[in-house]
Amino acid sequence: MWDSDGNELVSIVAHTEESKFIYGLAVLSTGELVTCGEDGNVKIWNTTGTLIQSIPHPGPVRCVKILPGDDIITGCADRVARVFTQSEQVSKVRRTNSCD
């Protein structure tokens, strides 16, 4: 992350397994960052670059988006969209071919 003058504030090495690709980045309303990547994980980082949580998936995670209420939706290579929420309500999972 950089400030408005272009000075680096935080550098995050997010996905360091064999495949180091980061496919997506999203920002929660708290300012926390959410990344997804080839290593099959979605990771949540605080604003100082400390890993808060890692959410494993069965394959590469191609996209991540933030929904209302800071729910997180991911698109995995297994063609399943998953919703992660802090709510007590159960989320539905559906198969998809796109992250749009």
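The model is predicted.

**The whole chain**

Begin by selecting the entire chain and colouring it by secondary structure. The chain has 8 strands and 0 helices, so that the order from the N terminus reads β-β-β-β-β-β-β-β. Next, display the surface. The accessible surface of the chain amounts to about 6600 Å², and carbon and sulfur atoms hold 49% of it. Of the 100 residues, 34% count as buried. Among contacts with a separation of 6 or more, 24% join residues 24 or more positions apart.

Side chains of opposite charge can pair when their charged atoms come close. How many salt bridges does the chain contain? The count comes to 2.

Select E38 and R62 and show their side chains. They meet in a salt bridge, with 3.3 Å from N to O. The pair links distant parts of the chain, 24 residues apart: E38 lies in the loop between strand 2 (33-37) and strand 3 (41-45), while R62 belongs to strand 5 (residues 61-66). R62 is partly exposed, at a relative accessible area of 38%.

**Second stop: D78 and R82**

Now select D78 and R82. These residues form a salt bridge whose closest N and O atoms are 2.7 Å apart. Is R82 buried or exposed? R82 is buried, because its relative accessible area of 17% falls under the 20% limit.

How values were computed:
Residues numbered from 1 in each chain as written. Predicted model: local features only at pLDDT ≥ 70, side-chain atom pairs only at ≥ 80, totals over all residues. Heavy atoms only, no water. Salt bridge = Lys/Arg side-chain N within 4 Å of Asp/Glu carboxyl O. Helix = DSSP H or I, 4+ residues; strand = E, 2+ residues; numbered from the N terminus. Buried < 20%, exposed > 50% of the residue type's maximum accessible area, 1.4 Å probe, protein only. Contact = heavy atoms within 4.5 Å. Areas by Shrake-Rupley, 256 points an atom, 1.4 Å probe, with all protein chains shown as cover.
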